[in-house]
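Dear colleague,

Please find below the sequence and the predicted model that I am handing over to you. My findings follow directly after it.

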Amino acid sequence: MQPRANRRVTREEVARLAGTSVAVVSYVVNDGPRPVAEATRQRVLQAIKDTGYQPNGIARALASGTTRTFGAIVPNIANPFVAALAHELLQESMKYGHVMLLGDSGDSSQQEREVVLSLLNRQTDGLIYISVDRHPYSDLIRQHGTPVVMLDGVSPAAGIAVLRVDERRAAKDVTLHLLSHGYQRVGVISGPLSMLNTRDRLAGWRDAMDSYRLPVNDSWIVPADYTREGGYLAARQLLAEKQYPDALFVCNEPMAIGCLRALAEQGINVPDDLALVCFNGTDQAAYHQPSLTCVRQPIASIASSALKILREWQGGGGLTESQYFLQTGRSCGCVL
């Protein structure tokens with residue numbers, strides 16, 4: 001039987017071809033709620049193939065109570081770390097027959113609210129959510145009763161599960177590694193000071209400086225956008241000082257790339273003249289010149305854990321700490 005052009009094949013046609021009832025076709029398509037004998041199931045699947053039948057996703061959702069979609073809300077997909085995480089979330093969701101809908105907030109809190117509402121209105125089975133400034137629209141999500149896993153430094157609560165890295169501790173550890181090379185004058189290229197993750201990373205840097213009893217020069221703390229251009233402009237600002245630092249902690253990888261360009265334009269060699277480390281490195285970190293020493297988050301493990309929490313939803317309120325690791329490159333002065 002050939003599918004008829006320009007017309008949607010019905011479930012009744014599939015049932016007639018398979019020699020069974022519409023209800024049995026429904027059980028096969030929806031994988032339940034009643035079992036179907038294997039021989040009958042194979043006849044139905046062959047009839048579906050022969051007719052070109054396409055199940056109605058909306059009808060399936062109404063019948064099963066699930067849309068088989070998850071939503072991911074991220075601050076800015078242009079960030080390589082965020083892009084890598086989104087890719088892993090999509091791949092992980094597909095393992096379980098779900099589609100991952102991606103919402104990009106564009107570093108805007110107002111746009112973030114619109115993305116949250118859009119995904120909630122699509123009745124997604126759960127959300128994975130990174131807030132722009134760590135002030136998530138939790139009340140909206142609770143009103144809908146949609147499970148949500150925050151990949152952020154917020155506190156867990158009823159209806160909200162949290163999976164996060166301790167960014168303050170991670171920033172301290174990578175700065176301590178930098179200081180172990182003997183640098184005394186260490187500055188920071190940070191993200192916008194209004195963002196809570198910037199404050200965490202700055203606090204970790206200060207903790208490391210305190211551990212070595214090193215003074216903090218406020219003129220060497222330069223906030224900028226979390227972009228390559230932001231890092232580039234911040235580095236140029238630092239180099240305009242009468243005396244600039246001999247080492248830098250840079251608060252994300254794109255900023256570090258921009259910083260490397262600014263230093264190269266001034267003939268400053270990394271790490272011989274100025275060393276640096278950064279936060280949230282990706283697989284790209286090893287391919288820069290020089291290779292970057294960075295904090296890395298286990299993206300695949302985070303995606304797997306987040307989807308597991310959603311699939312085995314217990315109502316929220318739980319906190320899971322994700323481990324991070326340091327990846328050494330040549331930018332800090334390590335000899336590889």
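The crossing in which α10 passes α11 is right-handed. On the α10 side, the contact is formed by R228, G231, Y232, A235, R236 and L239. On the α11 side, the partners are P254, M255, I257, G258, C259, R261, A262, L263 and E265. Sorted by class, the residues of this contact comprise 9 nonpolar, 2 polar and 4 charged.

Helix α8 spans residues 167-179 and helix α9 spans residues 196-211. Their axes are 7 Å apart, and the two helices pack at an angle of about 40 degrees. That angle makes α8 oblique to α9. The crossing of α8 and α9 is right-handed. From α8, the residues E167, R168, A171, K172, T175, L176 and L179 take part in the contact. They meet N197, D200, R201, A203, G204, W205, D207, A208, M209 and S211 of α9. The contact of α8 with α9 contains 7 nonpolar, 4 polar and 6 charged residues.

Helix α12 consists of residues 299-311, and its axis comes within 9 Å of the axis of α5, with a crossing angle of roughly 45 degrees. As a result of that angle, α5 is oblique to α12. Helix α5 passes α12 in a right-handed crossing. The α5 residues in the contact are F81, A84, L85, E88, L89, E92 and S93. Those of α12 are I299, A300, I302, A303, S304, A306 and L307. By class, this contact of α5 with α12 divides into 10 nonpolar, 2 polar and 2 charged residues.

How much space lies in the largest pocket? The volume is about 700 Å³. The lining is made up of 37 residues, and those closest to the centre of the pocket are I130, E167, N197, R201 and N280. Which elements give two or more residues to this lining? They are α5 (80-95), β5 (160-164), α8 (167-179) and α9 (196-211). Of the residues named here, E167 also belongs to the α8 side of the contact with α9, and N197 and R201 belong to the α9 side. By class, the lining of the largest pocket has 16 nonpolar, 9 polar and 12 charged residues.

The peptide bond from V270 to P271 is cis, with omega near 10 degrees. P271 sits in the loop between α11 and β9, the latter being residues 275-278. Another cis peptide bond joins Q289 and P290, where omega is about 0 degrees. P290 is located in the loop between β9 and β10, and β10 covers residues 293-296. Where is D107 found? This residue is in the loop between β2 (99-104) and α6 (109-121). D107 has a positive phi of about 60 degrees, although it is not a glycine.

With kind regards

Key
Residues numbered from 1 in each chain as written. Predicted model: local features only at pLDDT ≥ 70, side-chain atom pairs only at ≥ 80, totals over all residues. Heavy atoms only, no water. 1 Å grid on protein atoms, 1.4 Å probe; cavity = no way out; pocket = protein on both sides within 12 Å on 5 of 7 lines; lining within 4 Å. Points joined across faces, edges and corners; volume = space filled by probe spheres on them. Helix = DSSP H or I, 4+ residues; strand = E, 2+ residues; numbered from the N terminus. Nonpolar A, V, L, I, M, F, W, Y, C, P; charged D, E, K, R; others polar. Left-handed = near helix turned anticlockwise from the far one by under 90°. Contact = heavy atoms within 4.5 Å. Axes fitted to C-alpha atoms, helices over the stretch in contact; angles between N-to-C directions. Parallel < 35°, antiparallel > 145°, perpendicular 65-115°, else oblique.
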